[in-house]
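Let's take a walk through a protein model, from its inside to its loops. Have the structure open while you read, and look up each residue as it comes along.

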Amino acid sequence: MAAQLKPIFSKLDKKLKLVALLDDRGISEELKVFLRELSPLTDMISYDIHSEVSKEAEEFKKYTDSYPALMFFNENGDYLGVQYHGVPGGHEFNSFVIALYNAAGPGQPLDKFTLDKIRGLDKKINMKVFVSLACTMCPEVVMGSQRIALENQEIEAEMYDLAHYPHYKEKYSIMSVPCIVINDKEIAFGKKNTDQILELIESA
């Protein structure tokens, strides 16, 4: 992890706080260990860990009702619209690194047309991206949705490791990943780039 993150973290120019709300499952303990290993690698990223039943967690519950949840906030305490539900390992480790870079660094370049299109969206959008950590097509959907969320405060992107949230598999009849669910209604399967995700949002 340290070897992969060092060149990325050297480019971070903004403070980022990660807030984790944990339940009593093993996946929450894994997320806690993940954050403790991540933290010493840069002083630009800090983290807070709270039990979802604790008093400290109450102020963050307006952003989620699925645990564990790992949420991104800037140094002013503003929610950035990015969440992970599960541990971002496997192929999702790379999407997590890119999310850190986009949130706390210069970010991946976007052409002006796409950027203007994202920033011009004026409706509340929640995107749930369901993945498997072994899925090679999933990270592009996760990265694209998160990139959009980081550029527009009305938009939220959540990554779910479907293995730990089987009730969503039943709720949305998810037969394959990646699967993106927009505002709990529109459902799309398969690999999508940023422009294709934008099209889904515009038609939602």
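## A stop on helix α3

Leaving aside neighbours within four places in sequence, Ile-98 is in contact with Gln-108 and Met-143. Before going on, keep in mind that this is a predicted model.

So where does Ile-98 sit? You'll find Ile-98 in helix α3. Its relative accessibility is 18%, and since buried means under 20%, Ile-98 counts as buried. Now try a jump along the chain: Pro-139 is 41 residues away from Ile-98, and the C-alpha atoms of the two are separated by 9.9 Å.

If you don't count residues up to four places away in sequence, Met-127 touches Ser-145, Ile-155, Glu-156, Ala-157, Glu-158, Ile-180, Val-181, Ile-182, Ile-197 and Ile-201.

## How the helices pack

Two packed helices are described by the angle between their axes and the distance between the axes. Here are two pairs to look at in the viewer.

| Helix pair | Angle | Distance between axes | Handedness of crossing |
|---|---|---|---|
| α1 (residues 2-9) and α3 | about 20° | 10 Å | right-handed |
| α5 (residues 138-151) and α7 (residues 194-203) | about 60° | 9 Å | right-handed |

Take α1 and α3, with their angle of about 20°. That angle makes α1 roughly parallel to α3, because angles under 35 degrees count as roughly parallel. On the α1 side, the contact is made by Gln-4, Leu-5, Ile-8 and Phe-9, and on the α3 side by Phe-93, Asn-94, Val-97, Leu-100 and Tyr-101.

What about α5 and α7? These two helices pack at about 60°, and they are therefore oblique to each other. Val-141, Gly-144, Ser-145 and Ile-148 of α5 make the contact with Thr-194, Ile-197, Leu-198 and Ile-201 of α7.

## Two buried loop residues

Is Thr-42 buried or exposed? Thr-42 lies in the loop between α2 (26-38) and β2 (45-51). With a relative accessible area of 11%, Thr-42 is buried. Its side chain reaches the backbone nitrogen of Met-44 at 3.0 Å. Not counting residues up to four places away in sequence, Thr-42 touches Phe-9 and Leu-12. Phe-9 is also one of the α1 residues in the contact with α3.

Next up is Gly-86, in the loop between β4 (79-85) and α3. Gly-86 is buried too, with a relative accessible area of 1%. Neighbours within four places aside, Gly-86 is in contact with Ile-27, Leu-31, Pro-68 and Tyr-165. Lys-55 is 31 residues from Gly-86 along the chain, and their C-alpha atoms are separated by 22 Å.

## Backbone details in the loops

Which residue is joined to Pro-68 by a cis peptide bond? The partner is Tyr-67, and omega is about 0°. Pro-68, a contact of Gly-86, is found in the loop between β2 and β3 (69-74). A cis peptide bond also joins Val-177 and Pro-178, again with omega of about 0°. Look for Pro-178 in the loop between α6 (166-171) and β7 (179-182).

Finally, check out the loop between β7 and β8 (186-189), where Asn-183 is found. Phi of Asn-183 is near 50°, a positive value in a residue other than glycine. Asp-184 is found in the loop between β7 and β8 as well, and its phi is near 60°, also positive. At 29% relative accessibility, Asn-183 counts as partly exposed, and Asp-184, at 42%, is partly exposed too.

Definitions and conventions
Residues are numbered from 1 along each chain as its sequence is written. This is a predicted model: local features need pLDDT of at least 70, side-chain atom pairs count only at pLDDT 80 or more; totals for chains, interfaces and linings use all residues. Side-chain values use heavy atoms; hydrogens and water are left out. Contact means heavy atoms within 4.5 Å. Helices (H or I, at least four residues) and strands (E, at least two) are DSSP runs, numbered from the N terminus. Buried means under 20% relative accessible area, exposed over 50%, partly exposed in between (1.4 Å probe, protein chains only). A polar contact is a pair of N or O atoms within 3.5 Å; within protein, one must be able to donate a hydrogen and the other to accept it, and residues adjacent in sequence count only if both atoms are side-chain atoms. Axes are lines fitted to C-alpha atoms, for helices over the stretch in contact, and angles run from 0 to 180 degrees between N-to-C directions. Angles under 35 degrees count as roughly parallel, over 145 as roughly antiparallel, 65 to 115 as roughly perpendicular and the rest as oblique. A crossing is left-handed if the near helix is turned anticlockwise from the far one by less than a right angle, and right-handed if clockwise.
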